[in-house]
Amino acid sequence: MPKTISAPPAVPSAVEIANLPLLAPFRSVTFPNPESSPLIQSLLAEQEVANVVQLYQNREDTLRDELVKLINDAEKAEKEKAKEAAASSSSAAAKNNNKVAKKKDKPKLSAQVQKKIKDIESEIKDTDKLCTQYKQELIVYTQHTRGIFQSAYTKIALKLEVQNNSKAIEALEESFSFFCPRQTIATVVSVNDGYGSTQQQHQDVWDDSQRVAYVREMCPVMRAHVRPLSVGLFSLPYIKKFHCTPDTPVIVEALLDELYQKTITEELKSRLKDVTEDARLKVLRHCEEVLQKKTELTTELVRKHYRKKSIRLHPDRNGEENRPIFEEFT
């Protein structure tokens, strides 16, 4: 059996998961009580099992690295001993023995080293077996979560269609397609009709790893960074000069959204800088795409505000005495 390993990391709270940006379209089934929401509880269960899988995978990787290092160090030590023995002897027999030793593929390892190698290989085998068991358990949990997502998606989509809320439907579809990405694979199979005919069979393949990675990576980042409030921003010089007031907070709120998304994205990029796992990198790419959209939205809002205000403040319309205000704005 594997040696005792550290406890898996704590899973995020139900409220933290429910507040994830990409879950916003599902708020009708996650709030007002995230702790009792079947969707949130299923996501929590997913995280618990996924954390254990990750823990055993990390342990197995560590053991394999230890095994390689042990073998390399032992072989190097044996080779050094053989060189020292050859250098201390000037007899012909020693030279002949040295020549024979050089022809061997690998130096003979001591019984103690061989026992350590055997113990590590045994622990790797046991760890891999346990990891496989938890992976199978994770599949069961992810399938259950996907089923809840599909049910919630259908229920919410029908309600939004009745309301003719196309914008909300688009956000819901984007959320669902990220949490439950599906790929249809076509396979050509033979038809037993006596003519050698073939036909295509289509199979849906779901990737639940992306959803697990999103919850795991995003919760700690959002926990560490709280979105700033807009109250104090209206007193900033450039905001005042641009004639943004609490009565028209759209631009300031958009600026804050963009700034907050940039903070989240940069933090996530830092966390994943050495990561090669595709599911986790997809989370980063999603955040980068969201940031790009928010930047474009803010830019468009600023342009509209500028065009509208510049016409209103123009001296031709308000007199030359108001030119300083117009120039300050522009």
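Predicted model: local features only at pLDDT ≥ 70, side-chain atom pairs only at ≥ 80, totals over all residues.
**Entry 1: I169**

Leaving aside its neighbours within four places in sequence, I169 touches L160 and E161. I then checked where I169 sits, and found it in helix α6, which covers residues 166-179.

Is I169 buried or exposed? I noted a relative accessibility of 18% for I169. The cut-off for buried is under 20%, so I169 counts as buried.

I also took one distance, from C-alpha to C-alpha.

**Entry 2: the whole chain**

Next I went through the elements of the chain. I listed twelve helices and two strands. Which order do they follow from the N terminus? I wrote it down as α-α-α-α-α-α-β-β-α-α-α-α-α-α.

The chain has 330 residues, and 32% of them count as buried. I then turned to contacts between residues at least 6 apart in sequence. Of these contacts, 68% join residues at least 24 apart.

**Entry 3: α7 against α9**

I picked one pair of helices to describe. Two packed helices are described by the angle between their axes and the distance between the axes. For helix α7 (residues 209-224) and helix α9 (residues 250-271), I noted an angle of about 125°. Their axes are 10 Å apart.

How do α7 and α9 lie to each other? Angles of 65 to 115 degrees count as roughly perpendicular and those over 145 as roughly antiparallel, so α7 and α9, at about 125°, are oblique to each other. I recorded the crossing of α7 and α9 as right-handed.

Which residues meet where α7 packs on α9? On the α7 side I wrote down R216, E217, M218, P220, V221 and M222. On the α9 side I wrote down Y260, I264, E267, L268 and R271. I sorted the residues of this contact by type: seven are nonpolar, four are charged and none is polar.

**Entry 4: confidence**

The mean pLDDT of the chain is 83, and 77% of the residues reach 70 or more. Which elements have the highest and the lowest mean pLDDT? Helix α1 (residues 14-18) has the highest, 95, and helix α4 (residues 92-103) has the lowest, 49.

Methods. Residues numbered from 1 in each chain as written. Heavy atoms only, no water. Axes fitted to C-alpha atoms, helices over the stretch in contact; angles between N-to-C directions. Helix = DSSP H or I, 4+ residues; strand = E, 2+ residues; numbered from the N terminus. Parallel < 35°, antiparallel > 145°, perpendicular 65-115°, else oblique. Left-handed = near helix turned anticlockwise from the far one by under 90°. Contact = heavy atoms within 4.5 Å. Nonpolar A, V, L, I, M, F, W, Y, C, P; charged D, E, K, R; others polar. pLDDT = per-residue confidence, 0-100. Buried < 20%, exposed > 50% of the residue type's maximum accessible area, 1.4 Å probe, protein only.
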